[in-house]
Amino acid sequence: MTDLSDKPVPNPCVGVCALDEHDICIACQRSGIEIAEWGVFTHEEKLEAWQKIKQREAGDFSE
């Protein structure tokens with residue numbers, strides 16, 4: 001298994017910023033807060049955001 005702690009966490013931005021009525025970007029699936037604060041997120045916070053993105057992509061918006 002790959003250790004993600006040594007690798008930079010990629011920014012999920014795809015260059016299309018459009019928030020839906022739930023404040024979630026229709027392109028990258030991040031919330032407005034996650035987008036605004038990505039640059040100051042810790043490594044762990046970025047990994048947590050990616051977990052939320054995967055949940056949203058699967059249709060789970062229950063957070």
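Predicted model: local features only at pLDDT ≥ 70, side-chain atom pairs only at ≥ 80, totals over all residues.
Residues are numbered from 1 along each chain as its sequence is written, and side-chain values use heavy atoms, leaving out hydrogens and water.

**The chain as a whole**

The protein chain holds 2 helices and 0 strands; these are DSSP runs numbered from the N terminus, with helices being H or I of at least four residues and strands E of at least two. Its radius of gyration is 12 Å, close to the 11 Å that the globule rule gives for 63 residues, so the chain is as compact as a globular protein of that length. That radius is taken over C-alpha atoms, and the rule is 2.2 Å times the number of residues to the power 0.38. Along the principal axes, the C-alpha atoms fill a box of roughly 35 × 25 × 20 Å.

Of the 63 residues, 25% count as buried. Among contacts (heavy atoms within 4.5 Å) with a separation of 6 or more, 39% come from residues 24 or more positions apart. As for charge, the chain has 6 positive and 13 negative side chains, and the centres of the two sets lie 5 Å apart. Here Lys and Arg count as positive and Asp and Glu as negative, while His and the chain ends are not counted; each charge is placed at NZ of Lys, CZ of Arg, CG of Asp or CD of Glu.

Asp23 sits in the segment before helix H1 (32-37).

| Residue | Relative accessible area | Class |
|---|---|---|
| Gln29 | 15% | buried |
| Pro10 | 53% | exposed |

Most residues other than glycine have a negative phi. Asp23, however, has a positive phi near 65°, and Gln29 has a positive phi of about 70°.

Which residues does Pro10 contact, leaving aside its neighbours within four places in sequence? They are Trp38 and Trp50. Pro10 and Cys25, 15 residues apart in sequence, are 17 Å apart in space, C-alpha to C-alpha.

Technical notes. Buried < 20%, exposed > 50% of the residue type's maximum accessible area, 1.4 Å probe, protein only.
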